[in-house]
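Here are my notes for a colleague who is opening this structure for the first time. Please read them with the structure in view.

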Amino acid sequence: MKRRIEDLAFFGGSPLYADPKPIGQLAMPDVEEYLALIKQAFDKRRLTNGGPIVRELEVRLCSWHGVKHCVALANAGLGLIMLMQHFSKGQPGEVIMPSFTYRGLPHIAQWAGQTPRFCDVDKKTHTVDLNSVKNSISEKTTSILGVCNFNSPGDVEGLSELGRHHDVPVFFDSVDGTGSSYKGSLLGSFGEAEVFSLHATKMINGFEGGYVTTNNDDLAGILRWQRNFAIPVGKPTVKIPSSHVLGINAKLNELHAAMALLSLSGIDETILRNLERYEAYRHSLRGFRGVNLIPYPDPAVEKSNYRMAVIEIDESWPLSRDEMHILLQAEGAAIHPYYSPPLHRSDHCPPQAEPASLPVTEMLADRYLQLPVGELVSLADIRALGEMFHFISNNAQAIRRRLDSDKAAVAPPVAVDVK
Amino acid sequence: MKRHIEDFALLDGRPSFEEPQHVAQLNLPTWPRVEAAFRGIFDRRYFTNNGPLVCELDQKFAEFLGVNYAVSVTNGTVALMILAKSLDLTGEVIVPAFTFPATVQALSWAGLTPVFCDVDPHSHLIRVEDAEPLITSKTSGILGVHVWGQPCYPMELQELADRKGLTLFFDACHSVGCSLNGKLIGHFGSGEAFSFHATKVLNGVEGGSITTNDDQIGKRLRTIRGFYGKESCVPLRINGKMSEAQAAMALLSLEDLPANIAANKKKHERFESGLKRIPGIRLLEYDQANANNYQYIVIEIEPDKFGMTCDQLNMILKHENVITRRHFFPGVHRMQPYSQQTHAALPNTENLCERVMQLPLSATMQEQHIETLCQLIAETSAQAPELVEFMNKREAGA
């Protein structure tokens with residue numbers, strides 16, 4: 001319990017959490033089940049190169065997503081790189097993407113020989129704004145990357161239709177929408193393809209890993225070939241151009257696939273635990289003016305994975321988002337600003353990118369904080385964080401004075417690598 | 001014994017091997033050690049993102065080589081991509097076509113133009129005289145490949161690179177534990193990329209590492225491999241992170257490395273004595289002055305003397321449950337998207353692509369397996385005319 005402002009960790013008190021809390025899911029299957037599964041791989045001496053566990057995982061993911069093809073990969077980033085390279089037909093160009101999103105995406109586009117073209121997002125869903133996308137389309141456009149957020153996949157059909165109209169492939173980064181639905185169907189069968197992650201911090205823990213889903217037979221054939229160096233003997237018979245496809249090693253290995261397979265089996269329980277934590281946040285943060293927990297869609301209409309808890313801090317809260325960030329980070333809550341700064345104003349924006357003015361993105365990027373979530377966060381931890389908000393709210397003026405006198409407090413927040 | 005051509009499995013004979021024999025090391029640490037390592041990962045609940053085992057591997061692999069930096073990554077291809085990107089190269093990079101496609105693909109992913117270079121017909125490596133004529137005002141680097149773990153003339157190529165103001169770096173994916181004049185591969189050029197694929201002598205399932213002695217490059221490599229590193233001045237980032245599962249395997253495999261190399265060497269000697277009397281077969285012998293890991297049994301076939309081509313021998317062996325590999329066929333210059341590009345004539349490469357293949361050498365192969373395989377190849381050569389006639393007839397009939 002914090003009684004005086006000196007008790008706040010930022011001012012020298014002991015932190016709320018002795019061990020810093022993560023923002024990753026870190027779902028963990030039973031170790032005995034895991035060992036039994038990988039023992040089979042060891043006995044066969046089959047640890048990678050499209051082994052039986054990877055193939056089983058692909059089949060299971062297809063049926064879970066209700067999609068025709070799943071191509072398992074070493075990680076999601078490599079999947080995005082492969083798709084962007086394929087859609088570009090090997091020519092330099094631009095990939096349209098939101099700026100209010102994951103910092104890896106502009107790098108990924110450049111590995112594929114493309115320049116990111118940042119567009120604005122919708123105020124409510126935080127997914128790409130169709131008008132902004134439309135205004136960004138040019139003869140340089142090689143593909144459009146929609147990003148499905150934890151709170152909404154966005155206007156998936158509208159974006160796909162826009163792509164069809166302009167004859168530009170539309171695909172989705174659905175990492176944060178794993179287990180979430182669009183118009184009642186689980187994400188996985190929309191656009192030309194969707195990319196998901198099997199990273200330990202995401203819904204399905206495969207240590208590292210990722211996969212692409214698609215209903216397009218030719219595209220699936222190309223990706224399977226591309227992930228294994230596009231070796232001439234493996235070349236699929238396809239009706240679409242493929243002479244530009246650049247091979248890579250993006251194979252998922254059996255030890256990662258085994259983890260993902262078991263983690264997928266437990267995903268319903270994972271989502272239930274996430275929902276409990278989300279409800280605990282909703283309860284603990286209720287009634288604070290200026291602190292709004294971003295809601296999930298109505299569960300009667302759409303499925304959600306409830307993995308993330310993100311709050312908006314608006315002008316009616318006595319402290320700024322950045323001040324809350326430094327205070328809470330000191331407490332051992334590994335709290336990040338959510339998608340801030342926006343990519344077009346960050347180190348991640350390449351100099352050759354078209355300069356953009358994105359008013360909604362710029363407004364949103366200053367407002368959000370990502371709260372600790374995942375299996376290492378208990379309901380009691382969440383209640384304790386709620387009490388912390390209560391304390392801050394009651395002592396806001398004194399904290400503000402103390403922060404103002406402490407110049408270090410204005411140092412910009414730094415994102416750190418958390419497990 | 002195959003006395004008549006009917007004894008070959010290609011016809012009706014019994015295969016020489018009950019289980020398929022692969023060109024892959026497939027060295028596995030003992031199960032109790034694997035089990036303990038994975039229980040540790042679950043206890044810590046730390047699965048990836050620069051975890052404790054990855055940090056330990058970075059340190060131990062660097063110590064093993066005696067280099068300043070070793071940076072563990074997803075796989076050997078990603079290692080090459082990150083290395084190529086870290087060196088501030090532009091335009092053209094000279095690279096052999098007699099290599100695995102990933103060597104060249106990594107340059108393309110890094111936005112560079114590969115310029116194909118021929119190799120020495122004997123060692124299969126690029127030499128100064130192969131590379132120098134290809135240097136133009138657009139050239140910024142040379143990517144040498146230590147094919148079969150043989151050092152790719154690093155001293156001579158470094159002298160050339162220095163003289164021409166170019167950056168030299170290496171594909172060392174075959175080369176864990178190999179040396180030149182007592183210095184392990186890992187020290188040469190501006191950086192070297194290793195593979196820890198399960199088929200390699202050091203098994204990190206998939207996995208790889210990049211080594212350098214240069215402080216600035218070393219720090220850059222660490223930053224490029226993830227999206228959250230703290231240094232800001234890097235050309236580009238990627239998710240190239242190795243997981244704790246891969247690092248656990250690689251660490252155990254590193255412990256076993258001396259024993260695995262010793263076992264390979266013994267098997268290699270068996271092949272040497274078993275193959276030496278067969279006409280038209282040359283086993284690539286490693287320079288005894290340098291350490292090698294002996295993970296590859298590389299042979300060159302002279303069809304006139306042996307009696308048939310690489311492809312025909314592969315076909316016969318496949319029926320006997322011997323799964324050979326034709327590395328490197330075709331040359332990368334004949335693969336898309338490079339086949340449309342114009343390039344200098346590569347006569348030695350073309351020749352090697354037709355004649356070079358690898359025989360299985362795996363952890364499960366015993367001495368008598370090697371005897372059996374060498375005898376099978378000798379019998380194939382002895383009965384080559386009849387076997388070739390049979391294959392030709394069957395092909396014409398089909």
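1. Overall size of chain B. For 398 residues, a compact globule would have a radius of gyration near 21 Å; chain B has 22 Å, which agrees. That radius is taken over C-alpha atoms, and the globule rule is 2.2 Å times the number of residues to the power 0.38. The C-alpha trace of chain B spans about 70 × 55 × 40 Å along its principal axes.

2. Ground rules. This is a predicted model: local features need pLDDT of at least 70, side-chain atom pairs count only at pLDDT 80 or more, and totals for chains, interfaces and linings use all residues. Residues are numbered from 1 along each chain as its sequence is written, chains are lettered from A and ligands numbered from 1 in the order in which they are written, and side-chain values use heavy atoms, with hydrogens and water left out.

3. Make-up of chain B. Chain B has 13 helices and 14 strands. These are DSSP runs, numbered from the N terminus: helices are H or I with at least four residues, strands E with at least two. Of its 398 residues, 63% count as buried. Buried means under 20% relative accessible area, exposed over 50%, partly exposed in between (1.4 Å probe, protein chains only). In chain B, 72% of the contacts with a separation of 6 or more are between residues 24 or more positions apart. Contact means heavy atoms within 4.5 Å.

4. The seven-stranded sheet of chain A. Its 7 strands form an open, mixed sheet in the order β1-β9-β8-β5-β4-β2-β3. β1 (69-73) and β3 (114-119) of chain A each have a single partner strand, so one side of each is left without a neighbour in the sheet. Two strands pair if DSSP finds at least two bridges between them. β1(A) and β9(A) (residues 210-214) run antiparallel and share 5 bridges. One of the pairs is A72(A) with Y211(A). Helix α6(A) (residues 156-166) packs on the sheet, touching β4(A) and β5(A), and its direction makes about 145° with that of β5(A). Axes are lines fitted to C-alpha atoms, for helices over the stretch in contact, and angles run from 0 to 180 degrees between N-to-C directions.

5. The four-stranded sheet of chain A. Here 4 strands form an open antiparallel sheet, in the order β10-β11-β13-β12. β10 (291-293) and β12 (336-337) of chain A stand at the edges. β10(A) is joined to β11(A) (residues 310-313) by 3 bridges, and L293(A) has I311(A) as a bridge partner.

6. Helix α10(A). How many of its 10 residues are buried? The count is 7, so described as mostly covered, for residues 321-330 of chain A. Among the buried residues are M324(A), I326(A) and L328(A). The cover includes β11, β12, β13, α12 and α13 of chain A. Just after α10(A), G332(A) takes a positive phi of about 90°.

7. Backbone points to check. S340(A) and P341(A) are joined by a cis peptide bond, with omega about -5°. P341(A) is in the loop between β12 and α11 of chain A. Another cis peptide bond joins Q336(B) and P337(B), with omega about 0°. Y306(A) is not a glycine, yet has a positive phi of about 55°. Y306(A) is buried, with a relative accessible area of 9%. V205(B) also has a positive phi, near 70°, and is buried at 1% relative accessible area.
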